[in-house]
Amino acid sequence: MQSPGKSLKEALLCAQSEERLTVGVYESAKIMTEDPDSVSFCVLAMDEEFECDIALQIHFTLIQSFCFDNDISIVRVSDMQRLVEIVGDKAEQFEDAHCVLITNPADGSWEDPALEKLHLFCEESRRLNDWVPEISLPES
């Protein structure tokens, strides 16, 4: 089985190519509030700013709670810059990539093997009482 980091990268790239990514804490909160059933997966990215930003910590707590209440799989990554490199492009510079959502396709007819592996990883982590597991993104 491939690493969760590689699966996460593949799932992010697939969702990005199909325009199913939402980047940013406020943008993500808006999607979760308006249409929680459309959200398939949540990635919370921590960096040195997270340690000092109480408001961001509160947002993370609320997002985590929302994900738990709505059966949305959720993981943490500690390298926000690497996450930005994967989900951004030269034209887009993300100031707030602390939260990234993968939404379901509009037609509902899609399956992503990488995302399925991530859901299984999250399910197994929850069984071990690791409610928001941390994943390391691969370098390339």
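Biologist: Let's start with Arg127 and Glu123: how far apart are the closest N and O atoms in their salt bridge?
Modeller: Bear in mind this is a predicted model, where local features need pLDDT of at least 70, side-chain atom pairs count only at pLDDT 80 or more, and totals for chains, interfaces and linings use all residues. Residues are numbered from 1 along each chain as its sequence is written, while side-chain values use heavy atoms, with hydrogens and water left out. A salt bridge here means a side-chain nitrogen of Lys or Arg within 4 Å of a carboxyl oxygen of Asp or Glu. For Arg127 and Glu123, the closest N and O atoms are apart by 3.0 Å.

Biologist: Which helix holds both Arg127 and Glu123?
Modeller: Helices are DSSP runs of H or I with at least four residues, strands are E runs of at least two, and both are numbered from the N terminus. These two residues are 4 apart, about one turn, and both sit in helix H6.

Biologist: Is Arg127 buried or exposed?
Modeller: Buried means under 20% relative accessible area, exposed over 50%, and partly exposed in between (1.4 Å probe, protein chains only). Glu123 counts as partly exposed at 37%, and Glu124 does at 36%. Arg127 has 53% relative accessibility, so the label is exposed.

Biologist: How many residues apart are Glu134 and Arg76?
Modeller: Their side chains meet in a salt bridge at 3.6 Å, N to O. Glu134 lies in the segment after helix H6, whereas Arg76 is in strand E3 (residues 73-77). The pair links distant parts of the chain, with a separation in residues of 58.

Biologist: Are helices H2 and H4 roughly parallel or roughly antiparallel?
Modeller: Axes are lines fitted to C-alpha atoms, for helices over the stretch in contact, and angles run from 0 to 180 degrees between N-to-C directions. H2 (residues 25-34) and H4 (residues 54-69) come within 11 Å and cross at roughly 25 degrees. Under 35 degrees counts as roughly parallel, over 145 as roughly antiparallel, 65 to 115 as roughly perpendicular and the rest as oblique. H2 and H4 are therefore roughly parallel.

Biologist: Which H5 residues do Lys9, Leu12, Leu13 and Gln16 in H1 meet?
Modeller: H1 (residues 4-17) and H5 (residues 80-87) pack at about 40 degrees, their axes 9 Å apart, which makes H1 oblique to H5. Counting contact as heavy atoms within 4.5 Å, the H5 partners are Arg82, Leu83, Ile86 and Val87.
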